[in-house]
Amino acid sequence: MKNKGVRNLVILPLYLKIEKSYLSDNVYSLSEGENEKVSKVEKARQLREQVNDLFSKKFGEAIGMNFPVKVPYRKITTNPGCVIVDGMPPGVPFKAPSYLEISAMKKILESANFIKFTVIRPFPGLLINNQLAEQSAA
């Protein structure tokens with residue numbers, strides 16, 4: 001006999017209780033109780049996702065968008081001086097979240113309100129306010 005009305009039921013483990021974080025409107029964190037156990041791998045994955053979401057939001061703001069934009073980490077790091085990232089915690093360099101230590105990601109989330117991207121010199125292919133950088137310079 002089939003259960004009518006039950007579609008795509010997803011059951012989450014009881015120890016995963018997700019709450020909205022005080023850090024930023026778009027950043028979420030896990031709340032941990034005494035008996036709750038989340039693996040280090042899962043914690044690291046969640047932190048990477050949160051930092052990536054934060055950077056995407058800040059990068060979107062820097063290029064005049066009202067929504068998160070995928071951060072071109074490699075282009076930013078290989079074109080020094082094109083995009084400046086201010087407000088990073090002391091001793092934490094800007095790089096893709098997958099290359100950051102857990103402690104660095106936590107510090108970045110604690111400094112979320114201070115982090116700001118500024119486009120100094122657009123690199124080829126960068127869209128600013130929905131226009132290619134080369135077009136806006138012409």
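Visitor: Why is K75 called partly exposed?

Guide: K75 has a relative accessible area of 38%. Buried means under 20%, exposed over 50%, and partly exposed in between, with a 1.4 Å probe and protein chains only, so K75 counts as partly exposed. Bear in mind that this is a predicted model, where local features need pLDDT of at least 70, side-chain atom pairs count only at pLDDT 80 or more, and totals for chains, interfaces and linings use all residues. Residues are numbered from 1 along each chain, and side-chain values use heavy atoms, with hydrogens and water left out.

Visitor: What does K75 touch, not counting residues up to four places away in sequence?

Guide: K75 touches F123 and P124, where contact means heavy atoms within 4.5 Å.

Visitor: What makes α1 oblique to α3?

Guide: The axes of α1 (residues 40-62) and α3 (residues 102-110) come within 10 Å and cross at roughly 40°. Angles under 35 degrees count as roughly parallel, over 145 as roughly antiparallel, 65 to 115 as roughly perpendicular and the rest as oblique. That makes α1 oblique to α3.

Visitor: Why is the pair of F59 and F117 called edge-to-face?

Guide: Their ring centres are 5.9 Å apart and their planes stand at 75°. Rings of Phe, Tyr and Trp (its six-membered ring) pair if their centres lie within 6.5 Å; planes under 30 degrees apart are stacked, over 60 edge-to-face and the rest tilted. So the pair is edge-to-face. F59 sits in helix α1 and F117 in strand β4, 58 residues apart, and both are buried.

Methods:
Axes fitted to C-alpha atoms, helices over the stretch in contact; angles between N-to-C directions. Helix = DSSP H or I, 4+ residues; strand = E, 2+ residues; numbered from the N terminus.
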